[in-house]
Amino acid sequence: MNDWAPIAKEYDPLKAGSIDGTDEEPHDRAIWRAMLARYVPNKGVTGDPHLTLFVARLNLQTTEEKLKEVFSRYGDIRKIRLVRDLVTGFSKGYAFIEYKEERALLKAHRDANRLVIDQHEIFVDFELERTLKGWIPRRLGGGFGGKKESGQLRFGGRDRPFRKPINLPNMKNDFYGEGSAEKRNWSREGTRDWRTRDRDHERSRDKRWPERERSWAWGENEKERDSKEERSRGRERKDRDRKDRDRDRSRDRDTKKPRDDDKHR
């Protein structure tokens, strides 16, 4: 635990499948596939990996010209590689964009994520195939992607770092602002303060609880009021029926009395 860090220095599918990097058993089949995979990065890829962006979830009709038009607003582009199928030549929905300057790379990473291109919301991240040792892509069960509904969340990346374990011994960690100020420059690269986010989430949840309690109490009061109104309407209906019956009986008695008088005459 002494070498624990919120951002992965070496990719491990088992740790990536854990919220805090401390799991000992895989919890889904994708982790098993990633652990058994033997992935070798493409040696034919050229360019500086530290200046390259990974762009995914593209529309299959999106072309290199469209990507250049969109991403050139962040800085000068050195190369765009749209990955295509070797047989059909159709796009596979992801690409790699290499910039000339690091400033343009960081700006595109911060502003272009979740941008809509050709009616598709794209995903932007740094290239990890050549920069992170042991990297396993998403198609083999690895990566840092996934959805909560599928239960295949992956942690250890910049946009989804590991959470601090409960049993972690007291040690200074620069990621959570416990080290020197000179080393805490990760937030300038467009990443989020996850400790602040968790604290804000807790506060908002505490604020929502009284509202829920009031709504539940309001629902109970409404039910009680409806039941009382229903009972009162039932009593009024019974009273009206009883009065109508008494009126009919009195009318019948009044009509029978003259007839009896006529008989005695």
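# Questions on a predicted model

Mentor: The structure, which is a predicted model, holds nine salt bridges.

Trainee: Which residue forms a salt bridge with Asp 28?

Mentor: Side chains of opposite charge can pair when their charged atoms come close. The closest N and O atoms of the pair that includes Asp 28 are 3.4 Å apart, and a salt bridge is counted within 4 Å. The partner of Asp 28 in this salt bridge is Arg 154.

Trainee: Are Asp 28 and Arg 154 buried or exposed?

Mentor: The word buried is kept for residues under 20% relative accessible area, and exposed for those over 50%. With these limits in mind, both Asp 28 and Arg 154 have one description, which is buried.

Trainee: Where do Asp 239 and Arg 242 lie?

Mentor: The side chains of Asp 239 and Arg 242 meet in a salt bridge, with 2.8 Å from N to O. Asp 239 is partly exposed at a relative accessible area of 32%, and Arg 242 is partly exposed as well, at 43%. The two residues are three residues apart, about one turn of the helix, and both lie in helix H5.

Trainee: What is the relative accessible area of Arg 114, and is Arg 114 buried or exposed?

Mentor: Arg 114 lies in the loop between helix H4 (102-111) and strand S4 (116-117), and Arg 114 forms a salt bridge with Glu 121, the closest N and O atoms being 3.4 Å apart. Glu 121 counts as partly exposed, at 40% relative accessibility. Arg 114, however, is above the limit of 50% and therefore counts as exposed. The relative accessible area of Arg 114 is 58%.

Trainee: Which value is phi of Asp 118 near?

Mentor: Asp 118 is placed in the loop between S4 and strand S5 (120-121), and is partly exposed, with a relative accessible area of 25%. Arg 114 has a positive phi near 65 degrees in a residue other than glycine. Asp 118 also has a positive phi, although Asp 118 is a residue other than glycine, and the value is near 55 degrees.

Trainee: Which residue in the turn of the S2 and S3 hairpin has a positive phi?

Mentor: S2 and S3 form a hairpin with six residues between them. The phi in question is about 80 degrees, and the residue in the turn that has this value is Gly 89.

Trainee: Which elements give two or more residues to the lining of the largest cavity?

Mentor: The structure holds one cavity of 30 Å³ or more, and the volume of the largest cavity is about 100 Å³. Among the residues that line this cavity are Lys 79, Ile 80, Arg 81, Phe 96, Ile 97 and Glu 98. The elements that give two or more residues to the lining are S2 and S3.

Trainee: What is the area of the nonpolar surface patch made by Trp 32, Met 35 and Leu 36?

Mentor: Met 35 is placed in helix H2 (residues 29-36). Met 35 is partly exposed, with a relative accessible area of 32%, and residues of a patch need over 30%. The patch that Met 35 makes with Trp 32 and Leu 36 has an area of about 320 Å².

Note on methods
Residues are numbered from 1 along each chain as its sequence is written. This is a predicted model: local features need pLDDT of at least 70, side-chain atom pairs count only at pLDDT 80 or more; totals for chains, interfaces and linings use all residues. Side-chain values use heavy atoms; hydrogens and water are left out. Patches are made of residues with over 30% relative accessible area and no salt bridge: like charges are joined within 9 Å, nonpolar side chains (Val, Leu, Ile, Met, Phe, Trp, Tyr) within 5 Å. Accessible areas come from the Shrake-Rupley method with a 1.4 Å probe; for residues, only the protein chains shown count as cover. Helices (H or I, at least four residues) and strands (E, at least two) are DSSP runs, numbered from the N terminus. Buried means under 20% relative accessible area, exposed over 50%, partly exposed in between (1.4 Å probe, protein chains only). Two strands pair if DSSP finds at least two bridges between them. On a 1 Å grid over the protein atoms alone, a cavity is a set of points where a 1.4 Å probe fits but cannot get out, and a pocket is an open set with protein on both sides within 12 Å along at least five of seven lines; lining residues have an atom within 4 Å of a point. Grid points are joined across faces, edges and corners, and a volume is the space filled by probe spheres set on the points.
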